[in-house]
Amino acid sequence: MAGPGGLDEIEIMKLKKDIKRHEDNLTFLKSEENRVDESILQLQVISAKYHLNSTSQGTSKNGGSHNEEETMEQILKQETTAAAMLCQLKTHHSVLLSNLPVTKDVLGVVATLAGVENDNLNRLLSEFLGLETMLALVCKTFEGVKALEKYDWEGKIINSAGLHGLGCSMGRKINGRFLVICLEDLRPYSGGFVDDDIQKRLDLSKPRLADGSYPSGFVDFAVNMINLDYRNLFCVTAKGNGLRETLFYALFSHLQVYRTREEMLRALPCITDGAVSLDGGMINRHGAFALGNRTDVEVKFPVISSRNLPAADEVNVEYAIKVLKLEQLNISEDMRREQSLLEKTKAELIAKYNT
């Protein structure tokens with residue numbers, strides 16, 4: 001049915017209803033955004049109290065804090081690396097680090113993102129990964145990776161831009177190549193997690209020999225023998241994955257840990273992604289045996305005992321904050337989409353009146 005001036009009244013009514021629907025959606029999303037913002041604020045206050053308590057009760061009790069500092073010192077000694085430059089910036093300008101376009105997407109250096117229970121395991125896992133991987137930078141997204149290095153039209157690195165430019169401004173030069181691991185490009189572990197485990201260890205099936213028995217001397221999978229900082233347990237990626245099921249699963253996969261070389265060698269038929277033994281034996285992921293004396297890698301993980309990790313309540317608060325921040329991001333995207341649809345519909349309505 002055509003209206004005055006040849007306007008299609010049915011189409012106009014439909015556009016008006018669509019506008020009302022988009023406006024209602026925006027009102028609802030705004031209220032949800034306010035609710036989530038308030039919840040995050042309340043939980044952050046609780047988290048800050050936990051942090052103050054844990055700091056005052058003895059970071060010096062066990063030397064865990066000292067070992068973290070020692071890891072940073074080891075990295076800083078690698079003076080011409082990207083990892084050393086990043087650690088220097090984090091030590092003196094941590095707020096700046098999270099806001100600079102070049103580094104805001106960088107989580108840190110592999111060696112700083114987890115801890116292990118003891119020095120022996122530390123040496124083994126650090127040697128297995130090697131210095132280059134221990135010094136690798138970890139980025140959340142591919143956009144973050146691209147921001148680290150810029151090129152001219154000939155494909156040469158622009159030393160005044162990206163991480164190289166940042167290094168020049170700090171009086172540091174990056175020599176040679178450096179590894180960058182992009183979390184969103186990794187295929188995460190797709191299985192379940194160990195029940196009631198604060199550390200969210202992966203529920204991996206124990207290796208079995210051909211007769212169905214478990215190999216003697218098997219301790220655990222390396223990916224489950226690292227301790228993650230509670231900040232990296234949950235929702236590090238946009239898809240809600242933590243570092244264990246992304247970064248460290250990619251680095252260690254099903255690397256097995258045995259008590260002795262002899263037991264490791266007897267378990268060869270069920271070793272798929274390499275193995276190490278606590279007395280220094282090593283089989284790499286391609287099945288090659290590493291013989292000779294073990295190498296003491298210059299950069300190692302900090303030693304952090306599971307006894308000194310946050311309690312379940314603190315971890316649950318941090319997890320809740322990360323889940324809410326993910327919800328916050330989704331709401332923002334929904335609001336942008338609704339706003340775009342609203343503006344488009346209003347433009348269509350104006351065009352109808354003008355025809």
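The model is predicted, so local features need pLDDT of at least 70, side-chain atom pairs count only at pLDDT 80 or more, and totals for chains, interfaces and linings use all residues. Residues are numbered from 1 along each chain as its sequence is written, and side-chain values use heavy atoms, with hydrogens and water left out.

**The sheet**
- An open sheet with mixed pairing is formed by 3 strands in the order E1-E3-E4, where strands are DSSP runs of E with at least two residues, helices are runs of H or I with at least four, and both are numbered from the N terminus.
- Strand E1 (106-109) and strand E4 (180-182) are the edge strands, each pairing on one side only, and two strands pair if DSSP finds at least two bridges between them.
- E1 pairs with strand E3 (residues 137-139) in the antiparallel sense over 3 bridges, and Val-109 stands opposite Leu-137 in E3.

**Helix H8**
- Helix H8 (residues 162-169) is largely enclosed by the rest of the structure, because 6 of its 8 residues are buried, meaning under 20% relative accessible area with a 1.4 Å probe and protein chains only.
- These buried residues are Gly-162, Leu-163, His-164, Gly-165, Leu-166 and Gly-167.

**Asp-105**
- Asp-105 lies in the loop between helix H4 (94-99) and E1, and its contacts (heavy atoms within 4.5 Å), not counting residues up to four places away in sequence, are Val-138, Cys-139, Lys-140, Thr-141 and Gly-144.
- The backbone nitrogen of Gly-144 lies 3.5 Å from a polar atom of the Asp-105 side chain.

How values were computed:
Buried < 20%, exposed > 50% of the residue type's maximum accessible area, 1.4 Å probe, protein only. Polar contact = N/O pair within 3.5 Å; in protein donor to acceptor, adjacent residues only side chain to side chain.
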